[in-house]
Amino acid sequence: MAAVLDEVGKSAEKLVDEEKNEIVDEEDKTGAAEASKKKKKKKKKKKAGAGEASADVPEGEEDKAKDDDAVAEGTTEVNNGETEEVKKKKKKKRKPKDKGGVKQQTDPPSIPVSELFPDGNFPVGQIMVHGPAGVDDRMAKLRFTSEEARALDRMHNDIYNEARQAAEAHRQTRRHIMEWIKPGMTMIEICNELEETARKLIGEDGLLAGLAFPTGCSRNHCAAHYTPNAGDPTVLEFDDVTKIDFGTHINGRIIDCAFTLIFNSKYDPLIEAVRDATNTGIKAAGIDVQLCDVGAAIQEVMESYEVELDGKTYQVKSIRNLNGHSISPYRIHAGKTVPIVRGGEAIRMEENEFYAIETFGSTGRGVVHDDMECSHYMKSFDAGFVPLRLQSSKSLLNTINKHFGTLAFCKRWLDRVGCTKYQMALKDLCEKGAVEAYPPLVDVKGCYTAQFEHTLVLRPTCKEVISRGDDY
């Protein structure tokens, strides 16, 4: 019996213990529920006072606290839309802000290139070894490594940089015009768009920066020096071969560069011939190179091409009475000529000279003459005092000195600066030799002419084709 009573006693004690444990468990659950309620109340208070708290709590810490609370309340709140939005905001805030970034050019271009390159260092043109002066070309190659030549290079860096600025404005303008021009546009419309774009990009500032000469847009048998006067109704046609020739300058450092625009692919061989001839002239140029050697190299390449038009084959000819030229500050034709045929002068190119290497190819006779109404004019660079009797001539000469100096201009530009009734005065200035007239130059009617041109400088170490770009 004793054994039975002990088991009953143990069972009774076990029941008592289990009841105590259940009471403790219920108390724990009640306490946990109350603690959870209190915690939720605190969170509600925090959310209600979020506006006030943000004044004292740093922005990053506040976001972190919100995320921690969301995790404590369960995975549902972490995955809801509100929390995802918070995360997106945090990512946005972490992105670095663009402070004082470099400006990007607009389309169409309108920002001056000086603002695109705030450090004042403009893109360097194509660097090439000087052409061989005669048979021995060792000197041309050694110039690259000559310390003396490098020192001379550094001395003239300001001059090169001014020319590079003008070249960059030219590059961006011609890229825009190449894409913008379409058949059916008037020549005046084309010239106005080109010149206004170039003026913006160069940052026109009187004689310190601006256009170097009027836009040439000579078509077909007209090879050079045509720009429309006011009221000219000429329209660009699909079958036209148009030479776009314009210049920019900074402090008189002129960039003279031209290209030929076509829409009909049948003229491709003509375009290729002239482009190849220009590149050949650039390659042949260099310090101590004779100008006649450059002309011979150009003609050999130019006249190796043929073009078939409407079932007839034409040999491409170099226009013998057109040529390239040296350039000096505020003087587009500085005295030396670069022929594009054999037999030119044996004058040598010299260090730090600027040259416009330009070639003209024709399916006609290869000789041009004056024709059509004159549009290009330029004050004579070497003209001294010229006695003038007409007051209108004196007034016009003052206007030319103020706005153009010794740079070329046209009648449209005189209209632009407010000149009126200047025809007689302009004629008088030309007759007295104060101003030179440059009428359009044409080959035989019905033929086609093309032109390509680049400006280069013969630096002591190398030659730099300043106007070269990725367009050609």
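Modeller: Two strands pair if DSSP finds at least two bridges between them, and strands are DSSP runs of E, at least two residues, numbered from the N terminus. The model is predicted; local features need pLDDT of at least 70, side-chain atom pairs count only at pLDDT 80 or more, and totals for chains, interfaces and linings use all residues. Residues are numbered from 1 along each chain as its sequence is written, and side-chain values use heavy atoms, with hydrogens and water left out.

Biologist: What makes strand 9 and strand 11 a pair?

Modeller: Three bridges join strand 9 (residues 324-327) to strand 11, and the two run antiparallel; at least two bridges are required, so they pair. His 325 has Ala 356 of strand 11 as its bridge partner. Strand 11 also pairs with strand 17 (residues 449-458), over nine bridges in the antiparallel sense.

Biologist: Why is strand 11 (residues 354-362) called mostly covered?

Modeller: Nine of its nine residues are buried, that is, under 20% relative accessible area with a 1.4 Å probe, protein chains only. Phe 354 and Glu 358 are among those on one side, Tyr 355 and Ile 357 among those on the other.

Biologist: Why are helix 11 and helix 12 called roughly antiparallel?

Modeller: Helix 11 (residues 268-284) and helix 12 (residues 291-302) pack at about 155 degrees, with axes 8 Å apart. Angles over 145 degrees count as roughly antiparallel, so the term applies. Ala 273 of helix 11 and Val 294 of helix 12 are among the residues making the contact, which means heavy atoms within 4.5 Å.

Terms used: Axes fitted to C-alpha atoms, helices over the stretch in contact; angles between N-to-C directions. Helix = DSSP H or I, 4+ residues; strand = E, 2+ residues; numbered from the N terminus. Parallel < 35°, antiparallel > 145°, perpendicular 65-115°, else oblique. Buried < 20%, exposed > 50% of the residue type's maximum accessible area, 1.4 Å probe, protein only.
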